[in-house]
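Please look over the points below with the model open. They cover helix packing first, then some backbone details.

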Amino acid sequence: MERFWLAQPGALPANVGLNRATWDLRYDPPPAFAHAFVFNGNPGSTPAEPEGALASPGVYRIRLTVDGNRYTQALTVVRDPRLRVAPAALAAQHALLMRLYSGLQATWTDFKPVAELRAAVAKIAPNDTVSEVGKAAKALVTTLDSIAGDSLTDARQVWDARPPVWSFVDLNGEFGIELTAQDNADHVPTRAALVVASSSCAELGKLVARWRRVVRVDLAAFNQTLARHGMPALAVPAAGNKLCSQ
């Protein structure tokens, strides 16, 4: 994108320590299980994808804290005068970018309690596939695997086949692909891009509902099995599952 920024001088202290910092006009990189580099990218210098969404034109405040003293200063991001895209188009694009950004954050956050429960169940009877507890543990771990996904897999590329069943890890990668694709130029989102984003957010909603059902039904049944064998029940994960922003 061709946006740039102008800082308003005068408020921050000068000539003491660091006097220059560079902002790439992006939000912080979203949490992603796997990252990818563009062709001919150089790790360490080329930013890994997905990157954070670009900031929209407007007034921002920057803050510097030194020895407990806080300094703030206004900073204005202005649109490139060469840009011929209407402000409404930029606003619509930014809204979509932030929705995809929220999908990355949600899938990252939702993965953690599933993975923690999976690890707790796996510890109960790791080598037992015969007893009632062992069979129940194996079945529940398999279900949780399908919901969480494998956080150590490589990033899916846009030309790779979409998974037949979504997990939090898979959807995290999908939101990353969509965010990167939408971030390639300043333009109003296409209808196809909006449809794909809505579909991914809907899949996240279905997956969260499935996770809640596992906690409500499958975990409850597993705890009953543990109780019958005099074993302590597993803690029920806290609610508050994340979804895409609207």
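1. The buried residues of α3 pack against α1 (87–124), α2 and α4. Contact means heavy atoms within 4.5 Å. Helices are DSSP runs (H or I, at least four residues) and strands likewise (E, at least two), numbered from the N terminus. This is a predicted model: local features need pLDDT of at least 70, side-chain atom pairs count only at pLDDT 80 or more, and totals for chains, interfaces and linings use all residues. Residues are numbered from 1 along each chain as its sequence is written, and side-chain values use heavy atoms, leaving out hydrogens and water.

2. Helix α3 (residues 168–182) is mostly covered, with 12 of its 15 residues buried. Buried means under 20% relative accessible area, exposed over 50%, partly exposed in between (1.4 Å probe, protein chains only). Among the buried ones are Phe168, Leu171, Phe175 and Glu178.

3. Helix α2 (residues 132–148) and helix α4 (residues 191–228) have axes that come within 11 Å and cross at roughly 170°. Therefore α2 is roughly antiparallel to α4 (over 145 degrees). Axes are lines fitted to C-alpha atoms, for helices over the stretch in contact, with angles from 0 to 180 degrees between N-to-C directions.

4. Check the backbone at Pro50. The peptide bond from Glu49 to Pro50 is cis, with omega near 5°. Pro50 lies in the loop between β1 (4–7) and β2 (58–66).

5. Two non-glycine residues deserve a look. Leu25 has a positive phi of about 70° and is buried, at 6% relative accessible area. Asp67 has a positive phi of about 50°, but counts as exposed at 76% relative accessibility.

Methods: Parallel < 35°, antiparallel > 145°, perpendicular 65-115°, else oblique.
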